[in-house]
Amino acid sequence: MSAGHGHGHGVSAQADRKYLSGALALIVGFMAAEVIVGFAAGSLALITDAAHMLTDAIAILLALIAIRLAAKPPAGGYTYGFKRVEILSAQANGITLLLLAAYFVYEAVNRMIHPPEVKGALVLITGVAGIVVNLFATWLISKANRSSLNVEGAFQHILNDLFAFVATALAGLVVLLTGFARADAIAALVVAALMLKAGVSLVRDSGRIFLEAAPARIDPQALGAELCAVEGVVEVHDLHVWEITSGEPAASAHILVAQGLDCHQIRVQIETLLAERHHLTHSTLQVDHADGETHCIDAHGTVHRSITAAGRAPDQANPGH
């Protein structure tokens with residue numbers, strides 16, 4: 001049994017905290033001003049934006065907490081440490097976006113039916129100011145490590161808020177020039193649609209990690225066949241590919257090799273293949289000789305067999321021995 005490890009990101013956790021903290025300060029300061037202006041202008045679009053900014057602030061705060069917890073070393077029963085706290089944070093961000101999207105769709109439809117008076121000038125000015133603030137906040141977070149689903153969740157919040165402010169500013173301009181008050185509700189619907197899109201993406205991606213699904217770029221069936229093509233390999237079973245946290249894929253497998261071959265040498269060869277072709281630098285492989293005995297009473301998943309060893313194509317349907 002052996003493992004190969006190699007973790008790390010291009011941006012340090014300390015740098016991530018700096019960028020995220022800067023964006024948080026910007027968001028909280030502008031959000032407070034926007035709530036006041038939103039009620040003064042009677043604008044649902046501005047209040048929607050302010051609520052979205054509140055979720056931005058929460059998302060960034062959760063990201064900062066998750067980064068700190070994820071840096072803690074493994075201890076006790078937490079053999080991977082607290083790395084998946086980042087995924088909890090990302091999922092919380094996604095669910096929050098979905099709930100807010102549903103609420104603002106409801107409010108916007110009501111305002112489409114019964115449009116209130118909206119002060120277009122205030123909406124336009126605040127929307128333009130929000131664009132500037134969010135551009136800077138988006139730039140800050142874009143410099144952090146976005147391969148982390150946690151940081152990506154915070155980034156999606158800010159990016160969606162930027163688009164929302166564009167829609168809000170346009171709505172304010174339309175109301176100011178034409179008096180068409182429903183433009184404000186239409187802008188709120190645009191914001192809700194953006195929230196829905198980002199929320200679904202975050203919940204889906206974080207859910208895949210919690211369910212220990214293979215990373216989207218790796219096909220376990222194709223990988224099993226590829227490992228069976230390594231010279232000397234007779235069979236591959238109990239092949240698992242998952243992500244410990246975003247950007248940290250891992251793999252494990254039980255490999256059977258032909259009698260008389262060097263198990264250690266073949267293990268090193270397979271570890272190199274996994275690392276160089278698939279970026280699977282965290283691998284745990286059990287390598288044994290194929291001696292005709294049943295090594296696993298209940299192998300999980302597909303059993304892959306070498307074409308040369310079995311005299312036929314790999315068994316892609318057999319779920320076990």
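Asp238 is buried, with a relative accessible area of 16%. Buried means under 20% relative accessible area, exposed means over 50%, and partly exposed lies in between (1.4 Å probe, protein chains only). Asp238 sits in strand S2, residues 233-245. Helices (H or I, at least four residues) and strands (E, at least two) are DSSP runs, numbered from the N terminus. Asp238 has a positive phi of about 50 degrees, although it is not a glycine. Most residues other than glycine have a negative phi.

This is a predicted model, in which local features need pLDDT of at least 70, side-chain atom pairs count only at pLDDT 80 or more, and totals for chains, interfaces and linings use all residues. Residues are numbered from 1 along each chain as its sequence is written, and side-chain values use heavy atoms, with hydrogens and water left out.

His279 also has a positive phi, of about 60 degrees, and is not a glycine. Its setting is a loop, between helix H8 (263-278) and strand S4 (282-289). His279 counts as exposed, at 53% relative accessibility.

Now take the chain as a whole. It has nine helices and five strands. Along the sequence they follow the pattern β-α-α-α-α-α-α-α-β-β-α-β-β-α. The chain has 321 residues, and 48% of them count as buried. Its accessible surface comes to about 15,000 Å², of which 64% belongs to carbon and sulfur atoms. Such areas come from the Shrake-Rupley method with a 1.4 Å probe; for residues, only the protein chains shown count as cover.

Contacts tell us how the chain folds back on itself. A contact means heavy atoms within 4.5 Å. Among contacts between residues at least 6 apart in sequence, 74% join residues at least 24 apart.

Ile218 gives one example. Find it in the loop between H6 and H7. Ile218 is buried, with a relative accessible area of 6%. Leave out residues up to four places away in sequence, and Ile218 touches Leu223, Val241, His278 and Leu280. Look at His278 in particular. Ile218 and His278 are 60 residues apart in sequence, yet their C-alpha atoms are 7.5 Å apart in space.

Thr138 gives another example. It lies in helix H4, residues 120-142. Thr138 is buried too, with a relative accessible area of 10%. Setting aside neighbours within four places in sequence, Thr138 is in contact with Phe155, Ile158, Leu159 and Leu162. From Thr138 to His157 is 19 residues in sequence and 9.3 Å in space, C-alpha to C-alpha.

Next come the salt bridges. A salt bridge is a side-chain nitrogen of Lys or Arg within 4 Å of a carboxyl oxygen of Asp or Glu. The whole structure holds seven of them. One joins Arg277 and Glu226, at 2.6 Å from N to O. Arg277 lies in helix H8 and Glu226 in helix H7 (residues 220-228), so this pair ties together parts that are 51 residues apart in sequence. Arg277 counts as exposed, at 56% relative accessibility.

Another bridge links Glu271 with Arg267, and their closest N and O atoms are 3.2 Å apart. Both residues are buried. They are four residues apart in helix H8, so about one helical turn separates them.

A further bridge pairs Asp205 with Arg204, at 3.4 Å from N to O. Asp205 is partly exposed, at 26% relative accessibility. Arg204 is partly exposed as well, at 48%.

Asp205 leads on to the largest pocket. On a 1 Å grid over the protein atoms alone, a pocket is an open set of points with protein on both sides within 12 Å along at least five of seven lines, where a 1.4 Å probe fits; lining residues have an atom within 4 Å of a point. The largest pocket has a volume of about 470 Å³. Its lining has 26 residues, and the closest to its centre are Leu149, Glu152, Ser201, Leu202 and Asp205. That volume is the space filled by probe spheres set on the points, and points are joined across faces, edges and corners.

Which helix gives the most to the lining of the largest pocket? H6 does, with eight residues. Helix H5 (149-178) and helix H6 (182-210) each supply at least two. By type, the lining divides into 12 nonpolar, seven polar and seven charged residues. Here Ala, Val, Leu, Ile, Met, Phe, Trp, Tyr, Cys and Pro count as nonpolar, Asp, Glu, Lys and Arg as charged, and the others, Gly among them, as polar.
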